[in-house]
Amino acid sequence: MSLENALTVARQKEQAGDLPGAVLALESAPEKERTGAWHYARGAMAVRAGQLDEAVGQLELAVKREPEIAEYRSNLGAALLEKLKAGDAAAGKGALEQLELAVQWGATLPEVYANLSFARLADGNALGALAAADIGLRIDEKHVPSLFNRAAALNALKQYGTCIDTLDELLKLSPGFAPAVQSRANTLARMKNI
């Protein structure tokens with residue numbers, strides 16, 4: 001099966017909820033035709049399957065083959081952030097590096113900036129995290145992850161009132177969003193102890 005056909009069939013199977021079938025369709029593409037797009041698709045499927053090491057490996061190959069594509073670097077950074085959340089502290093530095101490069105290569109999606117915000121905050125750069133979240137919100141003022149990361153950065157900067165305002169804005173868009181509800185309660189408690 002040609003690369004184009006393999007990608008089309010894989011996309012259809014994935015949309016139908018058949019992730020194993022989608023992976024099999026991708027694997028049917030000839031080795032010599034496996035471009036950055038193939039590795040990107042394979043890596044994205046590995047992320048959805050919770051196979052983070054496989055995802056990172058495939059996304060690294062996508063970036064190696066086509067380093068100028070911001071989306072590949074962005075997704076590699078996102079996969080590395082998932083590893084960070086799972087306790088792999090070393091993955092945080094790699095995530096930050098890839099997301100900073102994705103921005104340099106012209107990333108235009110708010111998710112990239114939300115992820116960059118998270119990575120900067122994990123690296124101890126609350127001001128940089130706030131700046132990245134704000135760019136994400138300029139792209140999409142209702143982007144919930146950017147709002148949440150903006151609130152986290154404001155909290156780290158001890159700007160509790162503005163943090164609460166941001167969480168309130170987020171909760172208007174996504175009522176009951178558990179992390180925001182918990183963050184709001186924690187921030188209010190912190191404010192009472194000041």
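Predicted model: local features only at pLDDT ≥ 70, side-chain atom pairs only at ≥ 80, totals over all residues.

Student: How many aromatic pairs does the structure hold?
Tutor: Two. Rings of Phe, Tyr and Trp (its six-membered ring) pair if their centres lie within 6.5 Å; planes under 30 degrees apart are stacked, over 60 edge-to-face, the rest tilted.

Student: Why is the pair of Tyr40 and Tyr72 stacked?
Tutor: Their ring centres are 4.9 Å apart and the planes are at 25°, so they count as stacked.

Student: Where do Tyr40 and Tyr72 sit?
Tutor: Tyr40 is in helix α3 (residues 36-48) and Tyr72 in helix α5 (residues 70-85), 32 residues apart. Helices are DSSP runs (H or I, at least four residues), numbered from the N terminus.

Student: Is Tyr72 buried or exposed?
Tutor: Buried, at 6% relative accessible area. Tyr40 is buried too, at 18%. Buried means under 20%, exposed over 50%, partly exposed in between (1.4 Å probe, protein chains only).

Student: What about Phe148 and Phe177?
Tutor: Their centres are 5.9 Å apart and their planes at 90°, so that pair is edge-to-face. Phe148 lies in helix α9 (residues 144-156), while Phe177 is in the loop between α10 (160-173) and α11 (178-192). Phe148 is partly exposed at 23%. Phe177 is partly exposed at 27%.

Student: New topic. Where is Arg34?
Tutor: In the loop between α2 (19-27) and α3. Arg34 counts as buried, with 9% relative accessibility.

Student: What does the side chain of Arg34 reach?
Tutor: The backbone oxygen of Ala29, at 3.0 Å. A 3.1 Å polar contact also joins the side chains of Arg34 and Glu31. A polar contact is a pair of N or O atoms within 3.5 Å; within protein, one must be able to donate a hydrogen and the other to accept it, and residues adjacent in sequence count only if both atoms are side-chain atoms.

Student: Last one. Which residues of α8 are buried?
Tutor: Among them are Ala126, Gly128 and Leu130. The cover over the buried residues of α8 includes α7 (110-122) and α9.

Methods: Residues numbered from 1 in each chain as written. Heavy atoms only, no water. Helix = DSSP H or I, 4+ residues; strand = E, 2+ residues; numbered from the N terminus. Contact = heavy atoms within 4.5 Å.
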